[in-house]
Amino acid sequence: MRSGLITGDKTLAQIEAMREGGKILARILRELTEFARSGVTGLEADEFARQKLAEYGAESAYLTPDVNFPGVVCISKNDCVVHGVPNGEPFEEGDVVAFDMVIIYKGMMVDACVTSCVGGNPCSAVKHLLNDTQKALAAGIATVKPGAKTGDIGAAVEKSLKKSKLGNIYQLVGHGIGEKMHMPPEVANFGKKGHGTAVQAGDTFCIEPMTSLGKGDVNFDQDGDEWSVYMKDGSLSAHFEHTVLVTDDGVEVLTLE
């Protein structure tokens with residue numbers, strides 16, 4: 001839903017930059033998912049994303065000095081749920097791969113993630129993982145309006161994931177975004193209705209359920225690449241994310257084509 005009466009601490013030009021950047025990001029993620037066939041490596045996917053950023057006039061927020069990630073896209077495969085570093089290992093048929101990017105366009109940032117099955121023929125368990133993680137994301141987005149609390153969003157995501165019997169990664173949360181990648185408020189994938197920070201028209205933030213086919217406990221790879229986060233039980237995982245804008249009468253998803 002779009003609104004012409006947006007208020008808050010962002011200018012209309014900043015909001016429009018995020019709209020334009022969101023469409024660019026959504027397009028890159030779609031093209032990247034199509035590119036990631038069996039035999040393609042993570043490094044090749046990262047290079048493809050770099051070319052698309054240059055083509056569309058955007059930059060990677062991951063390459064800024066305060067982040068310094070070794071790539072322009074996080075590539076998280078199978079039991080790696082987030083922050084996977086691009087590497088030379090080829091994708092294989094049936095791999096569950098998440099592409100997560102934050103881009104800068106006209107000085108404003110947007111963030112999104114999509115997860116898919118390489119080869120496009122997931123088994124029933126993976127279909128359940130992918131479809132129901134997206135349902136949880138949609139449930140969280142549906143709660144957003146002026147005056148809603150972050151606890152309302154988290155409660156909706158949590159309820160959806162419990163119904164689907166998917167593992168909920170409680171240690172990882174969504175966040176505000178705009179001039180910076182990570183800004184207040186935190187947007188957890190759990191919570192209580194009526195609790196948390198109230199959102200208002202003009203606010204922009206990321207809702208990002210992270211799930212697994214097992215339990216929700218994770219290991220942070222401190223002794224490896226120092227970025228990747230893995231499921232403790234080795235279960236397959238998924239991550240879907242949108243940047244949203246609170247309008248005067250509801251919500252607008254910015255990271256859609």
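Which residues have the most contacts inside the largest nonpolar core? They are Leu 32, Val 73, Phe 91, Phe 99, Met 101 and Ile 103. The model is predicted: local features need pLDDT of at least 70 and side-chain atom pairs count only at pLDDT 80 or more, while totals for chains, interfaces and linings use all residues. Residues are numbered from 1 along each chain as its sequence is written, and side-chain values use heavy atoms, with hydrogens and water left out.

**View 1. The largest nonpolar core, of 42 residues.** A nonpolar core is a set of buried Ala, Val, Leu, Ile, Met, Phe, Trp, Tyr and Cys residues joined through side-chain atoms within 4.5 Å; buried means under 20% relative accessible area, exposed over 50%, and partly exposed in between (1.4 Å probe, protein chains only). At least two residues of this core come from each of helix H1 (12–35), helix H2 (42–56), strand S2 (74–77), strand S4 (96–105) and strand S5 (108–117). H1 supplies the largest share, eight residues. Helices (H or I, at least four residues) and strands (E, at least two) are DSSP runs, numbered from the N terminus. Apart from this core lies another, of 23 residues, including Val 96, Cys 117, Leu 161 and Val 199.

**View 2. Surroundings of Leu 32.** Beyond its neighbours within four places in sequence, Leu 32 is in contact (heavy atoms within 4.5 Å) with Ala 45, Phe 48, Ala 49, Val 73, Phe 99 and Met 101.

**View 3. Packing of helix H3 (residues 124–142) and helix H4 (residues 150–164).** The helix axes are 7 Å apart and meet at an angle of about 155°; axes are lines fitted to C-alpha atoms, for helices over the stretch in contact, and angles run from 0 to 180 degrees between N-to-C directions. H3 and H4 are therefore roughly antiparallel, a term for angles over 145 degrees. His 128, Asp 132, Lys 135, Ala 136, Ala 139 and Gly 140 in H3 meet Ile 153, Ala 156, Val 157, Ser 160, Leu 161 and Ser 164 in H4.

**View 4. An open sheet of three strands in the order S3-S12-S11.** The pairing is antiparallel; two strands pair if DSSP finds at least two bridges between them. Strand S3 (80–82) and strand S11 (218–220) are the edge strands, each pairing on one side only. From one strand to the next the twist averages 40°. S3 is joined to strand S12 (residues 229–231) by two bridges, and Cys 80 stands opposite Tyr 230 in S12.

**View 5. Glu 186 in strand S8 (residues 183–187).** Glu 186 is exposed, with a relative accessible area of 61%. Not counting residues up to four places away in sequence, Glu 186 touches Thr 150, Val 173 and Gly 174.

Definitions and conventions:
Parallel < 35°, antiparallel > 145°, perpendicular 65-115°, else oblique.
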